[in-house]
Each structure stands twice: as structure tokens, then as C-alpha cells.
Amino acid sequence: MATYWITFRIAYESVGGRSYDDRYDAFTEAIVANASNYWAQTTSFYIIESSSSIDTLTETLKRKFAPSKDLFLIRQVDTKSAKICGQNEDNDIFIFMPYLKRA
């Protein structure tokens with residue numbers, strides 16, 4: 001079992017026939033479905049415990065949103081393992097997290 005944090009931004013527009021609400025709901029439902037436990041008390045941020053690998057979680061979440069408009073970042077808490085996926089316009093994140101990989 002691993003602990004991850006996930007932060008995300010869903011663009012407030014329809015993409016590929018899916019509304020903001022459709023993508024937000026699908027994304028957050030996928031997070032919860034892959035978690036044995038989770039904390040979600042702040043906006044667009046989850047901490048979860050999951051038996052899934054970071055690669056599996058990344059691929060699952062990637063299918064639930066629009067990479068051309070949306071963005072998420074996932075990090076395994078006890079390791080230097082992290083992935084970023086989607087529309088990132090500020091590459092300073094790679095300075096803060098030099099181990100970060102694009103998904």
C-alpha cells in the first residue's frame with residue numbers, strides 16, 4: 001500500500017463533448033475508486049492510500065480528463081516519484097521537483 005497526493009485543475013469548458021462537470025466528476029470518482037482511504041478537505045487536492053502503482057494511477061486518471069486543457073500532478077509521498085499530465089504552462093515545477101516525469 002502506498003500513499004499519494006494528487007492535485008489537479010480541470011478547465012472550465014467543454015472538451016470532446018465532455019463538460020467541466022463531467023470531467024471533474026469522472027476524475028474524482030476515479031481517484032476514490034482507486035483508494036482504500038482518502039482525504040479531500042481542500043479544493044482540487046486528494047491524499048490517498050492505494051495498492052495501485054503510480055503508473056497505473058496516472059494512466060487511469062489520464063483517461064478521465066482532457067490532457068489538452070486539464071492538468072494533474074501526482075506524487076508518491078515516501079519516494080521521489082511523481083508524474084505530471086496535461087496542460088502545464090510553467091516548467092518551474094521541474095526545478096522544484098527534478099525527479100518529476102511527464103505522463
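The model is predicted, so local features need pLDDT of at least 70 and side-chain atom pairs pLDDT 80 or more, whereas totals for chains, interfaces and linings use all residues. Residues are numbered from 1 along each chain as its sequence is written, and side-chain values use heavy atoms, without hydrogens and water.

**Exercise 1. Find the strand order of the open sheet and the strands at its edges.**

Step 1. Helices (H or I, at least four residues) and strands (E, at least two) are DSSP runs, numbered from the N terminus. Two strands pair if DSSP finds at least two bridges between them.

Step 2. The six strands are ordered S2-S3-S1-S4-S5-S6, and their pairing is mixed. Strand S2 (37-42) and strand S6 (101-102) pair on one side only and are the edges.

Step 3. Strands S1 (residues 2-9) and S3 (residues 45-50) run antiparallel and are joined by six bridges. Thr3 has Glu49 in S3 as its bridge partner.

Step 4. Helix H1 (residues 20-33) packs on the sheet and touches S1, S2, S3 and strand S4 (71-76); contact means heavy atoms within 4.5 Å.

**Exercise 2. Describe the largest nonpolar core and the surroundings of Phe27.**

Step 1. A nonpolar core is a set of buried (under 20% relative accessible area, 1.4 Å probe, protein chains only) Ala, Val, Leu, Ile, Met, Phe, Trp, Tyr and Cys residues joined through side-chain atoms within 4.5 Å.

Step 2. The largest such core has 18 residues, and Ile6, Phe8, Phe27, Ile31, Ile48 and Phe72 have the most contacts inside it. At least two core residues come from each of S1, H1, S3, H2 and S4, with S1 giving the most, four.

Step 3. Leaving out residues up to four places away in sequence, Phe27 touches Ile6, Phe8, Leu61, Lys64, Phe65 and Phe72.

**Exercise 3. Locate the salt bridges and state whether their residues are buried or partly exposed.**

Step 1. A salt bridge is a side-chain nitrogen of Lys or Arg within 4 Å of a carboxyl oxygen of Asp or Glu. The count is three. Partly exposed lies between buried and exposed (over 50%).

Step 2. Arg23 and Asp70 meet at 2.8 Å, N to O. Arg23 is in helix H1 and Asp70 in the loop between H2 and S4, so the pair ties together parts 47 residues apart in sequence. Arg23 counts as buried because its relative accessibility is 0%; Asp70 is also buried, at 0%.

Step 3. In the bridge between Asp55 and Lys83, the closest N and O atoms are 2.6 Å apart. Asp55 is partly exposed at 42%, while Lys83 is buried at 18%.

Step 4. Glu13 and Lys69 form a salt bridge at 3.7 Å, N to O. Glu13 is partly exposed at 36%, and Lys69 is partly exposed at 36%.

How values were computed
Axes fitted to C-alpha atoms, helices over the stretch in contact; angles between N-to-C directions.
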